[in-house]
Amino acid sequence: MNYSLYDPEADYEVISTVGLKHSAFYLTGPYNSYCFYCEMLKSCSNCFGCVALKNRRYCILNKQYTKEEYETLVPKIIDHMRHDGGGAAMNPSGATAVVTASGGASGSWGEFFPVVLSPHGYNETVAMDHFSLSKSQVEERHWRWKDRTEEPSKITRIIPAAQLPDSIQDIPDDILNWAIHCEVTGKPFKIIKQELEYYRRMQIPVPRLHPDERHKRRMAMRNPRKLWERECAKCGKGMKTSFAPEKPEKVFCEECYLTEVY
Ligand SMILES: [Zn+2]
């Protein structure tokens, strides 16, 4: 998983960074290098387990060390993490996160921040789209779950989706003061001004389904994150593909595909 916005170099498992070099397990903040398990740094290098520092070098857990101390301590921490069992949990007070030593075979070094540290509910993230879990399965793992309040605020008038005019030209501005009752989920949802302007400009009818239902249907059109062994429909060569064998689409190997398309 690498999501680097601009000019990355030799990074591993990083999210939302700019100009990040030779770093890993890093979250947000620009122009850092040789940083590991850090978040929101700016113009730092050689930092380990730090958060929200600016123009600093050789820090561990936000504490300043000399270059020599840093280079002695970090390999020891990494070695400890290699053997810490990889377990991670909130401590009983819930105030700070601690990595627990549970004595398992694999350690936490080389893994991204543990899920227990995520400020988001599992069901709010794209993880839910690809690896769907129930609330109890999520809570068993001590991960966060958020029950969302679905009702738009201040609804006084609700129109059933079936009663919406088909043509965008027949939708009055007053639609912004109404909630639409989704035909499938039964949940109400609202249209915002910018959205209405967009539908009018593009000549698109107002949606009748709740945004969550629309998202679910878009996701269902994608192939699952699974690879099948199949043969190229042209040359017969063995290949891996995310198109299941029973799907109607023809699949070509890369070579045949490129010859056919270009
Ligand atoms: Zn082929």
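Quick housekeeping: residues are numbered from 1 along each chain as its sequence is written, and side-chain values use heavy atoms, with hydrogens and water left out. Because the model is predicted, local features need pLDDT of at least 70 and side-chain atom pairs count only at pLDDT 80 or more, while totals for chains, interfaces and linings use all residues.

Okay, the zinc. Which residues hold it? The SG atoms of Cys232, Cys235, Cys253 and Cys256 coordinate the ion at 2.3 Å (donors are N, O and S atoms within 2.8 Å of the metal, or 3.2 Å for Na, K and Ca). The angles run from 101 to 115°, so the arrangement is tetrahedral; for four donors, that label needs all angles between 85 and 135 degrees. Along the sequence, the spacing reads C-x2-C-x17-C-x2-C. Cys235 sits in the loop between β13 and β14, and Cys256 is in helix α6, 21 residues apart (helices are DSSP runs of H or I, at least four residues, and strands are E runs of at least two).

Are those two buried or exposed? Cys256 is buried, at 11% relative accessible area, but Cys235 is partly exposed, at 45%. Buried means under 20%, exposed over 50%, and partly exposed in between, using a 1.4 Å probe and protein chains only.

Now helix α4, residues 193-202. Its buried residues are Glu195, Leu196 and Tyr199.

Last stop: Tyr31, in the loop between β3 and β4, is partly exposed at 48%.

Note on methods: Tetrahedral: all angles 85-135°; square planar, octahedral: opposite > 155°, others 65-115°.
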